[in-house]
Amino acid sequence: MSISHAPPSSPEPDISGISKSVETGPGQPEHSAPDLQPLVPASTRRTRVPRWLRRTAGPLLLLALWQLLSGTGMLASDVLASPGRIAQVGWDLVADGSLPSAMGTSLQRVAAGLLFGTVIGTGLALVSGLFRIGEDLVDAPVQMLRTVPFVGLIPLFIIWFGIGEAPKIAIITLGVTFPLYLNVYAGIRGVDAQLIEAGESLGLSRWGLVRHVVLPGALPGALTGLRYSLGIAWLALVFAEQVNADAGIGFLMVQARDFLRTDVIVVCLIVYAFLGLLADFIVRSLERLLLQWRPTFTGR
Amino acid sequence: MATDVHRPVTPTANRSARAVHVEGLTRSFDGRAVIDDLRLDIAPGEFVALLGRSGCGKSTLLRILAGLDRDIEGTALVSRRRAVAFQAPRLMPWKKVWRNVLLGLPGRPERAVAERALDEVGLGHRIDAWPKTLSGGEAQRASLARALVREPDLLLLDEPFGALDALTRIKAQRLVGELWQRRGCAVLLVTHDVEEAVLLADRVLVMDSGRIAHEERVGLDRPRDIADPRFAGLCARLLERLGVDTASEAA
């Protein structure tokens, strides 16, 4: 908004009623009536279009443009299928059961990888976070291994584990382990020393301190780590499934590539995106539930 | 702290009619003695205030008596049942108030135990609150309830009113005075507020360069009146001991 003042020398007072009431009596120093400016509540100046509508308009326009380009033939279907076609193919894939079964396989892989990765990452973080000897033994090797890009290990994993489920789950496990390790470890080491001291003065045993002070204090870090891990788990899944898969979303995509079916590929990408969103939603809900004590918590 | 799990500060603890007995206590940081051959006795049920400029070692002494600092030389005998309230309330933010109060108690104490302790400090209505929703004064009272629920023979208070606003501080001081009279436990109050010390304590100690440099018995009847000229005189004397010259300041 612009802040505009009436000219100071304005002959007419802006608010005549008030100006009259401050009429100066005899003998009193004369006060000129101050310029009063109405402060309009911010809510009355908002535009009429609701925010959610404005925010959805952009993507919808893009979708419409895409459909238009496909419909006029400017966008060939073997480059990118039209939105309508994609919806149709998506529906067909769901109807004939191939997409649900592929999703089931992929979800199982992610779940197994997440489980192993969580157990290993959190376990290692506990060992090196809680014990000084653990830190000396565990932290350096983990920090070294962390710098190896896990995708680069796929050939090695295929030699070790063959081409079945094992290398795929191993890749996801590896991807999940490190972010969890780093965040849980940092969370444990970041617990307020004053609280530890208070716990000590209250007579908590070593295990009591871990249970009542250290672990709850490390929880925000652990959940951040879980969020990173979930993101990486999907990424690892995409890589793992494009190698010698005979089931799963990645397999559907490889197959579609061989038949130049861009529509199926886009459907699979959308499925990946939705699974990622779902995972994020789950972690958010967990945070809402477990971190409601946090003073900084604002996600209600 | 009802801490039978804790060892005494030195293993040679024997029963005596003292809440605290410290002799020849020395604590050095990097060769610099912060507490130097200190001697201190506190009788059971006695309220002792410890004054001193910042950095004189008074908080270090309190941490030693609380059993939190064991890099010491000399003799230090402290009541086994002792409790600490720190300057910051140090409540676990992830535990509701009543769970904070019961934290570290042996066995499986019931909620009613916390309820009684919180009622005693006038916080019974916030028993289910998260610490983040408490005001500064409320959090400090919760911390006090957490100390009292351990039924200590010795209560160690480390500038517990330092972070409170003036009005809340007056109320909290009054509360501590009442609790002390009701419980009859020995109290060591570390503070830098001379008025607070004279208002509450039986005996005021002034600490300087790692020792008790001065000791003053407060002979005034309770409840004490800040407007009493003897009160003001005592404060002035103690301030002088602390190196603040009130006369020249007034001039």
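In this predicted model, helices H4(A) and H9 (residues 206-241) of chain A pack with their axes 9 Å apart, at an angle of about 140 degrees. The crossing of H4(A) and H9(A) is right-handed. On the H4(A) side the residues are Ser106(A), Arg109(A), Val110(A), Gly113(A), Leu114(A), Gly117(A) and Leu130(A), and they meet Val210(A), Ser229(A), Ala233(A), Trp234(A), Ala236(A), Leu237(A) and Glu241(A) of H9(A). Sorted by class, this contact holds eight nonpolar, four polar and two charged residues.

H4(A), which covers residues 98-130, also packs on H7(A). Here the axes come within 6 Å and cross at roughly 35 degrees, and the crossing of H4(A) and H7(A) is again right-handed. The contact of H4(A) with H7(A) is made up of 17 nonpolar, nine polar and four charged residues.

One residue of H7(A) shows how this region is put together. Ile169(A) is part of helix H7 of chain A. Ile169(A) counts as buried because 25 C-beta neighbours fall inside 10 Å, where 20 or more are required. Leaving aside residues up to four places away in sequence, Ile169(A) touches Arg109(A), Ala112(A), Gly113(A) and Phe116(A). Of these, Arg109(A) and Gly113(A) are also listed among the residues of H4(A) that meet H9(A). Ala236(A), on the H9(A) side of that contact, is 67 residues from Ile169(A) in sequence, yet the C-alpha atoms of the two are 9.0 Å apart.

Of the 300 residues in chain A, 28% are buried. Among contacts in chain A with a separation of 6 or more, 68% are between residues 24 or more positions apart.

The largest nonpolar core has 108 residues. Its members with the most contacts inside it are Ile172(A) from chain A and, from chain B, Leu51(B), Ala145(B), Val187(B), Leu188(B) and Ala201(B). Helix H7 (residues 165-189) of chain A gives the most to this core, with twelve residues. Another core lies apart from it and has 16 residues, including Leu99(A), Leu252(A), Val264(A) and Val271(A).

Where the two chains meet, 18 residues of chain A and 18 residues of chain B take part in the contact. The chain B side consists of 13 nonpolar, three polar and two charged residues.

Within chain B, Leu188(B) touches Ile42(B), Val48(B), Leu50(B), Leu62(B), Leu65(B), Leu156(B) and Leu157(B), with residues up to four places away in sequence not counted. Ala49(B) lies in strand E3 (residues 47-52) of chain B. Since Ala49(B) has 26 other C-beta atoms within 10 Å, it is buried. With the same exclusion of sequence neighbours, Ala49(B) touches Leu189(B), Thr191(B), Ala197(B), Leu200(B), Ala201(B) and Val204(B). One of these, Ala201(B), is also among the residues with the most contacts inside the largest core. Ala49(B) and His192(B) are 143 residues apart in sequence and 9.6 Å apart in space, C-alpha to C-alpha.

Further along chain B is helix H7 (residues 229-241), with 13 residues. At 1.5 Å a residue this helix should span 18 Å, and its end C-alpha atoms are 18 Å apart, so the two values agree. Just after H7(B), Gly243(B) takes a positive phi of about 90 degrees.

How values were computed: Residues are numbered from 1 along each chain as its sequence is written. Chains are lettered from A and ligands numbered from 1 in the order in which they are written. This is a predicted model: local features need pLDDT of at least 70, side-chain atom pairs count only at pLDDT 80 or more; totals for chains, interfaces and linings use all residues. Two residues are in contact if their C-beta atoms, placed from the backbone, lie within 7 Å. Ala, Val, Leu, Ile, Met, Phe, Trp, Tyr, Cys and Pro count as nonpolar, Asp, Glu, Lys and Arg as charged, and the others, Gly among them, as polar. A nonpolar core is a set of buried Ala, Val, Leu, Ile, Met, Phe, Trp, Tyr and Cys residues joined through C-beta atoms within 7 Å. A residue is buried if 20 or more other C-beta atoms lie within 10 Å of its own, exposed if 12 or fewer, and partly exposed in between; C-beta atoms are placed from the backbone. Helices (H or I, at least four residues) and strands (E, at least two) are DSSP runs, numbered from the N terminus. The expected span of a helix is 1.5 Å times one less than its number of residues. Axes are lines fitted to C-alpha atoms, for helices over the stretch in contact, and angles run from 0 to 180 degrees between N-to-C directions. A crossing is left-handed if the near helix is turned anticlockwise from the far one by less than a right angle, and right-handed if clockwise.
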